[in-house]
Amino acid sequence: MSAIELSGITKRWGGLVAVDNISFRVEEGTFTVLLGPSGCGKSTTLRMIAGLEEISEGKLKIGDADMTHAAPSERKLSMVFQSYALFPHLNVEENILFGLKIRKIPPEEQSARLLKVTDLVGLSSLLNRKPSQLSGGQRQRVALARAIIAENSICLMDEPLSNLDAKLRHDMRIEIRALQQRLKMTVIYVTHDQAEAMSMADKIILIRDGKIAQEGTPDALYDRPATAFSASFIGTPPMNILNTVISDNGVMIESENHTPVLAKSASPVMLGIRPEHVKISDSQGIPAELVSGDYLGAETVITARIGSQEILVRAAGRVRVTKPVAAHLSWSDQNIHVFDSKSGKRNDSVQGLAV
Amino acid sequence: MNRRLSKSHIYGWLLLMPAAIFLIAFTYYPTVATLAKSFFSQGTAIKPSEFVGLENFESLLEDDIFWKIAWNNVVYAVGTIPISIALAILMAVWVNGRLPLKSIVRMSYFTPTILPMIAVANIWLFFYTPDIGLIDQVSRNFGFASHNWLGDPDTVLGCIIAITIWKEAGFFMIFYLAALQTLPPELEEAAYLEGASRWYYFRRVMFPLLMPTTLFVLINAVINSFKLVDQLFILTKGGPDNASSLLLYYIYEVAFSFLDQAYASTLTVVLLAVLALIAIGQFVFLDKRVHYR
């Protein structure tokens with residue numbers, strides 16, 4: 001039995017289809033991330049699971065029960081909102097206990113649970129503060145505490161970290177993941193930040209234009225992207241996608257037209273290679289021009305040009321590129337991904353060549 | 001240093017002057033003059049005005065009409081304020097939701113506010129007219145006898161109250177509507193996810209967050225209940241037997257019909273004192289309970 005199951009879920013607003021026939025399952029106690037660019041329908045999907053949006057078509061099961069048209073409160077789930085949705089006139093304690101008071105949980109149990117939860121998220125000393133007196137990170141913790149105290153096994157999170165600064169976001173990422181594991185919660189987490197998805201998820205569901213582009217573990221999405229879109233969405237910097245031309249001698253990078261990079265292909269294809277798999281050398285490989293370097297501390301991301309196409313290369317340490325320099329780029333055939341030019345789908349039938 | 005200071009002083013005063021002249025001429029001087037007049041007797045051709053101390057205030061305490069009218073004003077305030085505020089919130093919540101023809105409904109709620117009170121009074125005068133008025137024509141179909149709504153001391157104040165509520169509720173609605181639109185919708189969603197009913201959400205979240213608006217509207221409503229008397233000129237002239245007269249109308253009558261400026265000044269001072277007390281009371285007691293974001 002899976003905790004949540006969506007089959008053929010569709011959301012329409014008038015003629016506009018926001019979510020188009022989405023089906024997936026979330027196993028109990030796992031961390032699933034809905035990932036995608038803004039406006040792709042990931043938040044709408046989450047809100048349909050929560051019951052905040054009507055489901056136009058399809059079926060939603062939570063546990064064993066059909067919850068397609070159930071009221072939000074019947075679904076036994078908690079939610080953390082992007083804006084946290086804390087009640088500004090209530091203090092931290094009242095905010096956290098809001099739901100328990102509605103459900104008339106006995107006061108002794110309320111205070112016992114409050115003690116446990118505030119201890120867990122580190123809010124014990126702030127119970128009398130109003131939300132306006134808290135920092136962003138503390139508000140985030142209150143929102144988390146309010147979600148946890150209900151002791152629902154399912155928790156939905158809608159971009160909960162997007163209002164925090166980079167450092168805090170990193171810390172909270174680890175904290176949320178640890179909390180999920182400790183409480184064995186089933187979490188569905190919406191984000192547009194692929195780094196967040198990669199570091200937290202058991203399973204990533206990549207959505208584009210209301211449809212699932214790819215579903216799988218973070219490694220699977222990184223190592224075997226199913227489409228050129230997945231390839232270019234995941235990874236910082238993302239995978240290089242180069243256009244190619246087919247000739248009698250094999251498939252060559254467009255505008256370089258010299259070195260075969262792929263064995264024969266019947267249809268037009270694109271070549272994908274991750275920046276970390278490209279090596280710079282003086283003589284071996286495809287001639288290119290290094291244009292600029294983006295120094296990040298432990299590494300430098302170099303923008304290079306093959307013919308007229310740009311390619312990113314990741315090099316360890318500091319590499320100075322102050323003015324364009326000629327160089328050669330090479331890679332192993334193991335690291336090549338091939339995608340269909342038209343559909344963008346992965347095409348494993350074309351053999352990559354080492355250069 | 002000193003010269004520059006005095007020069008900037010002159011600039012400052014020049015900038016303040018236009019507003020200051022108007023405020024002094026039309027607000028502060030009349031107020032102070034009124035206060036002064038209340039300590040003097042009304043002068044006549046043979047007996048000039050003289051200082052009488054608190055004599056005017058003593059006769060006010062013994063004036064039965066004043067007490068009757070003061071009581072009318074209390075009834076009028078208590079009758080109009082809570083109901084018009086409650087109606088305003090109700091209408092605002094309603095037109096804030098998803099509703100077909102939302103802007104038309106909003107506009108029609110606001111229409112009574114745009115109409116001048118004199119026009120409103122004329123419309124309602126037709127409603128209340130015995131036999132041929134709207135109310136009598138409708139109630140006759142249900143077998144009720146004709147009733148002189150404005151001529152009966154028992155019903156006349158109620159009729160005035162109804163008009164005021166009709167006129168004010170739409171005005172207050174605008175403030176509540178504006179306040180409601182600043183509430184983030186996630187609060188409502190978060191509450192529903194926790195299983196809150198609509199009433200629970202209103203009571204615990206929406207109403208407390210509307211408190212700053214309520215305070216503002218309340219002060220306005222209280223001031224209006226002493227200030228808004230235009231309808232009396234058209235409908236009742238305070239009658240019958242002062243049953244529908246309000247303080248401001250009484251002041252007008254004393255000053256311009258009975259030409260007793262001194263006594264009118266005394267009444268005005270009392271009215272101002274009462275209003276000031278109420279306003280201070282509201283700020284002091286309610287401000288602590290209001291959550292400002």
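**Notebook: the chain B–chain A interface and the cores**

I began with polar contacts and found 4 residue pairs in polar contact between chain B and chain A, both residues of each at pLDDT 80 or more. The model is predicted.

I then asked which elements of chain B touch chain A. Those giving two or more residues to that side are α8 (185-193) and α9 (198-209) of chain B. The largest share comes from α8(B), with 7 residues. I sorted the residues of this side by type and got 10 nonpolar, 2 polar and 5 charged.

Next I looked up salt bridges. The count between the two chains, B and A, is 2. I noted one of B:Glu189 with A:Arg47, N to O at 2.7 Å.

For the extent of the interface, I read 17 residues of chain B in contact with 22 residues of chain A. The buried area between them is about 1800 Å², and carbon and sulfur atoms give 67% of it. On the chain B side, B:Leu193, B:Glu194 and B:Arg204 supply 38% of the area that chain B buries against chain A, more than any other three residues.

I turned to the cores. The largest nonpolar core has 80 residues, and A:Ile4, A:Ile49, A:Leu60 and A:Leu156 touch the most other members. Its largest share, 11 residues, comes from helix α3 (residues 64-96) of chain B.

Leaving aside neighbours within four places in sequence, A:Ile49 has contacts including A:Ile4, A:Leu60, A:Leu156, A:Phe24 and A:Arg75.

Last, I found another core apart from the largest one. This core has 44 residues, among them A:Val117, A:Val121, A:Leu144 and A:Ala197.

Technical notes
Residues numbered from 1 in each chain as written. Chains lettered and ligands numbered in written order. Predicted model: local features only at pLDDT ≥ 70, side-chain atom pairs only at ≥ 80, totals over all residues. Heavy atoms only, no water. Contact = heavy atoms within 4.5 Å. Buried area = accessible area lost by both parts, 1.4 Å probe. Salt bridge = Lys/Arg side-chain N within 4 Å of Asp/Glu carboxyl O. Polar contact = N/O pair within 3.5 Å; in protein donor to acceptor, adjacent residues only side chain to side chain. Helix = DSSP H or I, 4+ residues; strand = E, 2+ residues; numbered from the N terminus. Nonpolar A, V, L, I, M, F, W, Y, C, P; charged D, E, K, R; others polar. Core = buried A, V, L, I, M, F, W, Y, C linked by side-chain atoms within 4.5 Å. Buried < 20%, exposed > 50% of the residue type's maximum accessible area, 1.4 Å probe, protein only.
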